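Here's a quick briefing to read alongside the model. Have the coordinates open and follow along.

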Amino acid sequence: MIDNPCEWGSTALLIFSDNVGKLIYYTHVLPLVISLFLGFQILISNPKELANRVLFVTTVFFAIWVYFNLILWASPTPEVVVFFWSLIVPVELLMYLSAVYLVYLFSHGQVDMPIWLKTIFSLLLVPILLFAHTSLNVIGLSPDCDTGAFEGIVIKYMYFVEVLLLLAVAFFTIQGYRRLNKKTEKRQLLYIGLSTFIFLVFFTVGNFTLFFELGPFYEQYKLFGMPLFAGLVSYSIIKYRAFHTKTLITEVLISTLWILMFSMLLFRDMSYARPIIFITVIVFGFIGIMLSRVLRRELEQKAEIERLALGLERANARLQELDKQKSEFVSIASHQLRSPLTAIRGYAAMLRDGSYGSLPDKTNEPLDRIHESAKLMASSIEDFLSVSRIESGNMKYELADFNLREQAEHIVDDLRAEALKVGLVLSYKSDMSSQGFVHADIGKTQQILHNLINNSLKYTQKGTVTVFVHEDIQMKKLYVEIIDTGIGMSKETIDTLFAKFTRAKNANSVNIKGTGLGLFVAREMARAMAGEITAHSAGDGQGSHFILTLPLVR
Amino acid sequence: MKRQKIKNALFYFFLVFFVFLSISATYVNIIVKKNFKQFTADENEPRALDFYIHPSSI
């Protein structure tokens, strides 16, 4: 046994030797660092995912292979060379097998490989594991220091199996791409499959430079498949969230720069610059981590805001749909109720009038009450319908110029008799220099005035109700004020008066009838005609003061 | 699911076991016994099917 046939100096950490060219270290250490960095990064980001663990194992096997290969380059000790040369064979095949496993996972939607298939692939290892320690694997050491060792039949077998595994990667990629339905999964598979294929092709081609005895130096370039692999995997993570992990392009850039800076420490013969490079590496690493954290937090917050906004949008759409359905229901229900009510009122009136012959006097009161109740119910239904139309945006307004001053006076004349029945005085006065024309829907305006004046009549037990019409020429507004000496309102009541289904707290003491919708409808209609209704009162028992404002035309 | 986990565990156990056996055998044969050939310059280069068997490895 010749202890040091090549007469090389000793090695540090088994791999550092002055007899090894700088190119060898460059082609080995850089890919080793990249692979371990990638593997750890992905494992830490989501260790529960099987694909993440398999990728990590692949990168570890690659790193072990690189380390063993450096030992073969650097070591002067024959038994060390033969030992690691023997072991590099199963490590290489294990790396190929785990790469195939990785592609299988992506091609089958992250479903694990069945045991029987794992067993079949593992059986490929049997000849290698059985004969690793024999000369079937490594025949012996060459006297030529550059050649190193003569490779036996087992190593040739390994090259052949590697070609088969390369074809398996291609097969799983194509099969999976055709079978997978989701676009994201297809894209992930494409990138992982392609990157793995390229990585293994580099390796296999490099092995065949040895097979055809082209010399050991060409073999070294097979390691450059790893940076390409890392690049494509990183892209698939950024773009398609492969490995169920999220990373920022910033993180990839920072990591790449950090690795390149770190590698300068190992390769360059610049001992004077080493401390500076070392400090730069530390500081850059620290800043990179902080920057990456801040960016990640901002992205997470943005994603959360987007998620909440989407939730709000959906909730809003749902609410609008429900509101529309409610309005439609009210409209349909109200229409269905109106027809029978019309029949009840009509027949009650005809019976009262004697159209079906004379009836006993004692039937008069019940018939009157039937008629009044039906009329009240019809009025309530009309309110419901109006609310439904307003809320669904279906209320139609026929805007035209008309004399509101005259209309108000006519309405007062119509209601004067009714006021007298309950012992009230309904009066009209005006103070106008213009003609009193407004631009509004005449029917709706009459409805508003009837509503306001009737309210005043209902909630006034004694005294007067005055309708006062005046204008503000400069502001181009016409005001119709309804002033009564009725029960008045507190400030709290005024604040909620125009809301739906709201009545004054003291309303029931004088008038139990009412849906609480009249003022809501009146104000909505006034506003739709570019007007307004406001309510004022000095307090309970102090009377009320309603003002209808509409735009004055002339 | 539990059965699948047990099968997986057994598979990996045996895989690691046989890899460990192979490493151990290689260590003993190469490092301890130094059971390998060092070719000299005047010896012909072996072909892949040639192999050297040390009596102690059988």
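This is a predicted model: local features need pLDDT of at least 70, side-chain atom pairs count only at pLDDT 80 or more; totals for chains, interfaces and linings use all residues.

The notes start with strand S1 of chain A, move on to strands S3 and S5 of chain A, and end with helix H4 of chain A.

**Strand S1 of chain A and its partners**
- Within chain A, strand S1 (residues 138–141) pairs with strand S2 (residues 149–151) in the antiparallel sense, over three bridges.
- Look for A:Val138 here: its bridge partner in S2(A) is A:Glu151.
- S1(A) also reaches across to chain B, where two bridges join it to strand S1 (residues 37–38), this time running parallel.
- On that side, A:Leu141 has B:Gln38 as its bridge partner in S1(B).

**Strands S3 and S5 of chain A**
- Strand S3 (residues 399–403) and S5(A) run antiparallel, joined by five bridges.
- In this pairing, A:Ala400 sits opposite A:Ala440 of S5(A).
- Strand S5 (residues 437–441) of chain A has four of its five residues buried, so the rest of the structure largely encloses it.

**Helix H4 of chain A**
- The buried residues in helix H4 (residues 115–123) of chain A are A:Ile115, A:Leu117, A:Lys118, A:Phe121 and A:Ser122.
- Look down the axis of H4(A) and its buried residues fall within an arc of 160 degrees, so they line one face of the helix.

Conventions:
Residues are numbered from 1 along each chain as its sequence is written. Chains are lettered from A and ligands numbered from 1 in the order in which they are written. Side-chain values use heavy atoms; hydrogens and water are left out. Two strands pair if DSSP finds at least two bridges between them. Buried means under 20% relative accessible area, exposed over 50%, partly exposed in between (1.4 Å probe, protein chains only). The arc is that of the directions from the helix axis to the C-beta atoms.
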